[in-house]
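The following exercises guide a reader through one protein structure. Each task is followed by a solution in steps.

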Amino acid sequence: MNVLLLTLAYPENEEGRNIYTDLMQEFHSRGDNVYVVCQRERRCNKPTEFKEENGITILRVKTGNITKTNIIEKVISTLFIDRIFINAIKKNLMQIKFDLLLYSTPPITFESVVKYIKRHNRCKTYLLLKDIFPQNAVDIGLMKKGSLIWRYFSAKEKKLYAISDHIGCMSDAGVKYLLKHNPEINPQKVGVCPNSIKPVPSKDGDSKDPSVWKKYGIPQDVVVFLYGGNLGTPQGIEFLLEVFNYVKNRKDIFFLIVGSGTEYDRIERFLKKDSYPNIKLIQFLPRIEYDRFLENSDVGLIFLDRRFTIPNFPSRLTSYMEYALPIIAATDVITDIKDVIQESQCGLWIESGNLKEFIKAVDSLAANPILRRQQGLNGRRYLEKYYTVARAYEIITAHFK
C-alpha cells in the first residue's frame, strides 16, 4: 500500500521523533511504502527538499512560519500553505499512485490539498484530528467568533470534515464534541485514534544519571518537576507564573521548563525580574538530550488554559508515560485527560488556576517517592495498552481491509 501523510509536525532527523514519525515507521515496518509531505518553515533558512529518511520518502516544503510565531504571521502562512503544498506535490509526487492519505490538523486549510490528492488518486482519506480550529482560537481570545477570518476558517473546517472518509479523534470527548457541533457528519466515520508512540524499552530500578543535573547546575537532592513542550497562549502561562512565585523559595523541589513558543520571552523576562533559584528555563534541546531529562526527572507537568471549551489532549502525556513519570495536569474542565489520569492512576489532575490544589499535588508527590514510582509505572502500563503505534495502525487500517 502506498501511504501519504500530510502534516506540519514531522521533525528533521537531528530533532528526533514524535507521534507522526513513530506512526509512519510503523506503517513502513508493516511493508507499506510511506511518503510524507511536511513544511519547512522560513526560519530554517533551507529550501524545499525531497529525499529518503529512515526508509521513508519525505518532501519538506518551504513555507512561511506557522508554529512558534505571532498570530498574524501564523494566519497568513496558514492561508497559503495549501497551494504551496499542491505545487510541491505536482512537481515531485505525481508519478506515485496513493492508496491511503493521512493528514493531521493543524492546519484546517489542508482541505484543498486533500481534495486535490483524493481526486487525482481516488484514494481513501483519514483525518487525524489533533486541533479543533478555529474554536480553540476563539476560546483563548485570539479570534472573534463571527468575524470574517473566523467564517473563512469555519467553512474550511466543515469542508475538511466532509471530504474525509474517516476521522480519528484523540479521545472519547473529542468524538462527542465533533458530532455535537457538526451534526451533518456521519457518526459511522468518526472514532478514537489516540496520540500514539513506539515506547522505548522500559528500565528496571533506578536509572538516574547524576551527571545530567550537574551539567545544568541542578541540585542532586531535589525532586525535579519537568515541563516539556510548547510555551504559548494555549498553555495558560499566567497560571504557571503564579506557581513560580509560590514555590521560588523552596529547596526541596526544582521546576525545569523546556520548550519554545510565543510566551517564551515573557517567561524569560519574568524570571529575570526576581530570584528563582529553583526554576530553570531552557529554550531548545536536541531530542536525545531531552530524553535524558525525561529519564532523570521525577514528575511530568501538563498545563492548559482554563478557558478552553474544546477537548484538547496534549501529546506530552505519552512522553511522560513512556518514561514512567507521574503526572500533574492543570487544565480546563472540558478535556478528558483528567479521566485518563484517574482511570490509569498515573498522577493528579487540578483545574487550571487552582493554586492551592496544585501546590497540594506538588507536596504530595514531592514527599512520597513510593507514590511517584507506583503512579509512574501505572502510566507506563496504560501507555503500553492503549497508546502504541501498533494499536493506532490497526485502528486506521481496519477501515480499509
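**Exercise 1.** How many bridges join strand E2 to E4, and do the two strands run parallel or antiparallel?

*Solution.* Strand E2 covers residues 33–41, and seven bridges join it to E4. The two strands run parallel. Strands here are DSSP runs of E with at least two residues, helices are runs of H or I with at least four, and both are numbered from the N terminus. Two strands count as paired if DSSP finds at least two bridges between them. The model is predicted, so local features need pLDDT of at least 70 and side-chain atom pairs count only at pLDDT 80 or more, while totals for chains, interfaces and linings use all residues. Residues are numbered from 1 along each chain as its sequence is written, and side-chain values use heavy atoms, with hydrogens and water left out.

**Exercise 2.** Describe the pairing of E3 with E4 and the turn between them.

*Solution.* Strand E3 (residues 49–53) and strand E4 (residues 56–63) pair in the antiparallel sense over five bridges. Glutamate 53 has isoleucine 56 in E4 as its bridge partner. The two strands form a hairpin with two residues between them. In the turn, asparagine 54 has a positive phi of about 55 degrees.

**Exercise 3.** In what order do the strands of the eight-stranded sheet lie, and which strands stand at its edges?

*Solution.* The order is E3-E4-E2-E1-E5-E6-E7-E8, in an open sheet with mixed pairing. E3 and strand E8 (190–192) stand at the edges; each has a single partner strand, so one side of each is left without a neighbour in the sheet. On average, neighbouring strands are turned by 20 degrees against each other, direction ignored. Helix H5 (residues 148–163) lies across strand E5 (100–105), strand E6 (124–129) and strand E7 (166–169). This helix runs at about 130 degrees to E6. Axes are lines fitted to C-alpha atoms, for helices over the stretch in contact (heavy atoms within 4.5 Å). Angles run from 0 to 180 degrees between N-to-C directions.

**Exercise 4.** Summarise the whole protein and the confidence of its model.

*Solution.* The secondary structure comes to 15 helices and 14 strands. Of the 401 residues, 57% count as buried, that is, under 20% relative accessible area with a 1.4 Å probe, protein chains only. Among contacts between residues at least 6 apart in sequence, 72% join residues at least 24 apart. The mean pLDDT (the predictor's confidence in each residue, from 0 to 100) is 92, and 98% of residues reach 70 or more. Confidence is lowest in helix H2 (residues 71–92), at a mean of 85, and highest in E13, at 98.

Definitions and conventions:
Buried < 20%, exposed > 50% of the residue type's maximum accessible area, 1.4 Å probe, protein only.
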